[in-house]
Amino acid sequence: MDDVYDIIVVGAGHAGCEAASAPAIMGSKVLLITMDMTKMAQMSCNPAMGGIAKGQIIREIDALGGYSGIVTDLSMIQFRMLNRSKGPAVWSPRAQCDRMMFSSEWRNVIEKNRNIDLWQDNVNELIIRKDTVVGVRTVLGNEFRAKCVILTNGTFENGLIHIGKRNQEGGRISEPVSKGISTQLRKIGFEIGRMKTGTPARIDGRTVNFAIIEEQKGDEDIRSFSFLETKLPERQRSCYITYTNEETHKILRKGFEDSPLYNGTIKGIGPRYCPSIESKLVTFAERDKHQLFLEPEGWNTVEYYLNGFSSSLSKEIQYEALKTIRGLENAKIFRPGYAIEYDYYPPTQLKYTMETKSIKNLYFAGQINGTTGYEEAAAQGIIAGINAHLRINRNDPFILGRDEAYIGVLIDDLVTKGVDEPYRMFTSRAEYRIMLRQDNADERLTERSVRIGLASKERLKRLNDKIKKKIRIVNAVTNESIEPNKINQYLREKRTAEINQKVKLYSLILRPEIKIEDLIVYMHGKIGEERIDIKEEKDLIETTEIEIKYKGYIKREAGIAEKIKRLEDIIIDGKINYDKLKAISTEARQKLKRIKPVTIGQASRISGVSPSDINVILLHIGR
């Protein structure tokens, strides 16, 4: 083993794997330290990637040259495009994955990179010299030095597991806890809080009556998460839908007295958007049922994840309640659900690069920043890894704006607004949703990533080919005119107005009832001189159609983004003594001093800083 590295990454979860692989591709020598090499990028909760806004994040990670999208494709057992009934701004891909295959594929990625060394151990101390991190120490007595350290400890830092009255230390069920770093950082002056998350019981599929519950199949049209050509499954496994009932609720309420969530045992804040079943009964007391999803854990296992039934109630209460649910009357479980509390570091202590403000070259990524979800963690990991490499090589930082990526929205929300509950990404958090679609992540990000040495030349070539093909299709439909007698039958079939004179195909595509794909089929695979293979070019046709139909909205949104972006160009970092600005509110002064915004744009997004406060600052700096 070497004992000196460019970058040390602590933890090999979703954040850690992306944080290690990105700088290693860029040329840094990386050490990845994990407590268990068999559980890299472990899916601790539900075995799925993507979903509302999260699918966009995975596609963005892929467009940057990360691996979460590729690994998802290789381990996919079911695919669904969510929100298809709504506009394309919120279409979100989601994949059910084989849990064991996902972790195995990630390990393959890590082991194939010769710039990454692996060490199985537990880091319990950072080596800090003059406000700069220079390495780590482990419980086995090893000392490793590095120019940068990235912490991605997940739920392991002082993790405490709760099942009814019982609790035990652990980062996940049956896995050891990590101690030492929180205590050290608290002494240095870091703010540290506690959060809570949970997971449901795992069901033995051999004991489920699938015949009496609703089957949820995947989409016939399977799409990839990666913009590269990856191997997609030829078949899919189904999920199943069932519901709790009043009898279920009655039994669950019996356990509230001993519930660590309600008797004061759990101090941490739980996730609002992925609540435990007991939280649902309290928050939505008027409901007589709650929807549950039985999700397979892999291709070759009978284990099922019961999505929607996370709980920290006693195992006896959980088991009794499960048996009242339709289809689970004879169910057996492999393990009960549990809640876990862990330390997190409020992310307003970070810069946009994910580097801490008080300790140089120390980066935080993942759940320790107060987020929840594999996708949010992976996004932070790749940005931390990229910026650690750029810092070592004295290059400009890599920062994504809110108008460039969901990843930019995520990080800006974290470092500017902070969190008061586990943060989850939603499409509603992004102001520029029509620009930040899942289909155009490569157009937004790949070229930028190539310039910093992460995304491959192959990705750039595929992007350029895609753009050229899009232009050809747009030109074809713009230049091709069609006679009424050649198209009116099709228009009648689509229940849209017929034409009475020759028109451009472009004008027809603007109609909501008309799809380019249908037009191509009707016109025997050819528009003008352009022959298009629908089977091979589904993604291309779809993204082209979106840009045609929503051109006006996209242009308007881009204009708004450009105006707002001017505030991001006004740098105030280190230029203002807020104590001297008597005209701003006390709350604004306190938050500006704590968060230390870099630009006027960032300052304007801080909760508690009003437009009048911003005007005072602008006047103060002569703008």
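The axes of helix H6, residues 246-254, and helix H8, residues 315-322, come within 9 Å and cross at roughly 175°. Axes here are lines fitted to C-alpha atoms, for helices over the stretch in contact, and angles run from 0 to 180 degrees between N-to-C directions. That angle makes H6 roughly antiparallel to H8; the classes are roughly parallel under 35 degrees, roughly antiparallel over 145, roughly perpendicular from 65 to 115, and oblique for the rest. Helices (H or I, at least four residues) and strands (E, at least two) are DSSP runs, numbered from the N terminus.

On the H6 side, Thr 248, Ile 251, Leu 252 and Lys 254 meet Ile 317, Glu 320 and Ala 321 of H8, where contact means heavy atoms within 4.5 Å. By class, that contact has four nonpolar residues, one polar and two charged. Ala, Val, Leu, Ile, Met, Phe, Trp, Tyr, Cys and Pro count as nonpolar, Asp, Glu, Lys and Arg as charged, and the others, Gly among them, as polar.

Before the other pairs, the conditions. This is a predicted model, in which local features need pLDDT of at least 70 and side-chain atom pairs count only at pLDDT 80 or more, while totals for chains, interfaces and linings use all residues. Residues are numbered from 1 along each chain as its sequence is written, and side-chain values use heavy atoms, with hydrogens and water left out.

Next pair. Helix H3, residues 68-75, packs on helix H4, residues 99-112, at an angle of about 135°, with the axes 9 Å apart. H3 and H4 are therefore oblique to each other. Their crossing is right-handed; a crossing is left-handed if the near helix is turned anticlockwise from the far one by less than a right angle, and right-handed if clockwise. H3 brings Ser 68, Val 71, Thr 72, Leu 74 and Ser 75 to the contact, and H4 brings Met 101, Phe 102, Glu 105, Trp 106 and Val 109. Those residues divide into six nonpolar, three polar and one charged.

From H12 the contact takes Lys 466, Lys 469, Lys 470, Ile 473, Val 474 and Val 477; from H16 it takes Leu 540, Thr 543, Thr 544, Glu 547 and Ile 548. The count is five nonpolar, two polar and four charged.

On a 1 Å grid over the protein atoms alone, a cavity is a set of points where a 1.4 Å probe fits but cannot get out, and a pocket is an open set with protein on both sides within 12 Å along at least five of seven lines; lining residues have an atom within 4 Å of a point. Grid points are joined across faces, edges and corners, and a volume is the space filled by probe spheres set on the points.

The second largest pocket has a volume of about 1200 Å³. Its lining has 34 residues, with Ser 224, Arg 462, Glu 536, Lys 538 and Asp 539 nearest the centre. Helix H11 (441-451), helix H12 (457-479) and helix H16 (538-549) are the elements giving two or more residues to that lining. H12 supplies the largest share, six residues. What is the lining of this pocket like by class? It has 19 charged, nine nonpolar and six polar residues.

Last, the cavities. How many of 30 Å³ or more does the structure hold? There are two. The largest cavity holds about 50 Å³ of space, and its lining includes Lys 196, Cys 274, Ser 310 and Tyr 338. Strands E12 (193-199) and E19 (338-344) each give two or more residues to this lining, with E12 giving the most, four. By class it has seven polar, four nonpolar and one charged.

The second largest cavity has a volume of about 40 Å³. Tyr 352, Ile 383, Phe 398, Ile 399, Leu 400 and Ile 411 line it; six are nonpolar, none polar and none charged.
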